[in-house]
Amino acid sequence: MNRRWRFSGFRLISGAGALVAGIAFFAVPSQAGNASTICSDCYIVTPATASATAGAGTAQGYAFQVTNNDPNETLKSLTFAAPANFVITGAAGPSGTSVSAVPGASVTLSLPAEPTGSTFTVTVTALAPCTAASSASWGVSGVDSRGESNEVYWSSSPPSVSVTGMCSLAFTGQPAQTVVSSDILTGFNSTGSPLTVQLADANGNPLAPADFSANGTQVTVSIQTNPGGGTLTGTTTVTSSKGAANFADLQINTAGAGYDLTASAANFTAATSAFFTISDQIQPCGTGSCSASQSTPTTAASVAASSVTGDFVTLGLGGVSFSCNHYNAVSDVAAFGVLSSAGANVAGASAIVTLTISPSVVQSAHRPLLLWQVCYASQSPFLAIPGTSGTAVIGGTSYNTGLLLPCILFKPGSQQPCLKSQQLTKTGAITLTFVAVGDPFGHT
């Protein structure tokens, strides 16, 4: 700025008036927060498309018009500071502009010489933070060709931006069935990849890795639905990286059908996983038959199946709750099935299941042998003792329920679950043997 040029045409007045006039002439507003729409030697920045709101975690372009009102200098550089916790990911100006490194909290544009009276547009792209609704203002400063840094002003009050909505979490890698105290991964029987929780913006889109929340957010996973009363162990809190948190060693110590997990983080909407099953055993079948057995203080169960290479038989005791009409079941529920290597039901597969009820339970029940029945649940409809049929929702899936009919009522190979035998052992236990089809549940 040519200070001598400033006095040309300036009329001095005497006394106190001269002092007042001089003070008024040389007063300079602060550069970042004030506004000036009338000046003969400054640069005016006017918001063009600076939205007053931004969705949490979303990217948005903000346009600013810059007018050169200085007749003797040009604007050498212009720096925009984003509102608090916003992240600038890009900027552009007139032809010949170079931009400082992004992402960051601010960006500096090195500008070509623009003549006095000219107006040009600068566009800045910024990511809103994943925080609760708040309002913060843009900042602007600049340096002219003489190195002066106090001549850039907003045309009005600095534009502010309010964050709306909330960022969210989502399971993109879902938990699959496995056995107690084994890693819960995306593939059946502790195979596949770690569970992944994706960080997303207010629109549900994956959070940009440049967002400050994408890296360093603490994501915690816990059990939400706990049918077996299990405990989740492993690394349950993970720091996000590039917009995701991966969980590789989560385990549950008790069998159950219909577990699910919830993921939570500060300033994020929580996510819930798909339902999954924890079994006591998953046994490979090989080329012949395969079997598994398990027991609790009240109930012993075994399951045997003939299958093909690569299939598995699964068995879990407890962790499931359902009933049959007009029947009071007293044993633990047995969850069993013949599954493929991917954890899917094997079409047409069947198994022979034995449930043994402890003598103490038998004595307390005071029930004749013929009244010991199997309360059965299956996704497929089946014929049951009249009056005992119903439905139950287990792990988000609807099941048909009912007491099994005797196998003698069905033709061999009928693919109907049925009760083969009821026996009283020498020790006073009750043993029931039945045919199971698909991936069902049973208790007595």
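Analyst: Let's start with Cys 407 and Cys 418: their link is right-handed, with 90 degrees about the S-S bond. Cys 407 sits in the loop between β33 (397-403) and β34 (418-424) and Cys 418 in strand β34, so this pair ties together parts eleven residues apart in sequence. Strands here are DSSP runs (E, at least two residues), numbered from the N terminus. The sulfur atoms are 2.0 Å apart, and a disulfide means a pair of cysteine sulfur atoms within 2.5 Å. Cys 407 counts as buried at 17% relative accessibility, and Cys 418 does too at 6%; buried is under 20% relative accessible area, exposed over 50% and partly exposed in between (1.4 Å probe, protein chains only).

A quick word on the source: this is a predicted model, where local features need pLDDT of at least 70, side-chain atom pairs count only at pLDDT 80 or more, and totals for chains, interfaces and linings use all residues. Residues are numbered from 1 along each chain as its sequence is written, and side-chain values use heavy atoms, leaving out hydrogens and water.

The whole structure has four disulfides. Another joins Cys 324 to Cys 375, S to S 2.0 Å; its S-S torsion is about 95 degrees, so it is right-handed. Cys 324 is in the loop between β28 (312-317) and β29 (334-339), while Cys 375 is in strand β31 (residues 375-378), 51 residues apart.

Then there's Cys 130 with Cys 167, sulfurs 1.9 Å apart, a left-handed link at -75 degrees. Both Cys 130 and Cys 167 are buried.

Note on methods
Helices (H or I, at least four residues) and strands (E, at least two) are DSSP runs, numbered from the N terminus.
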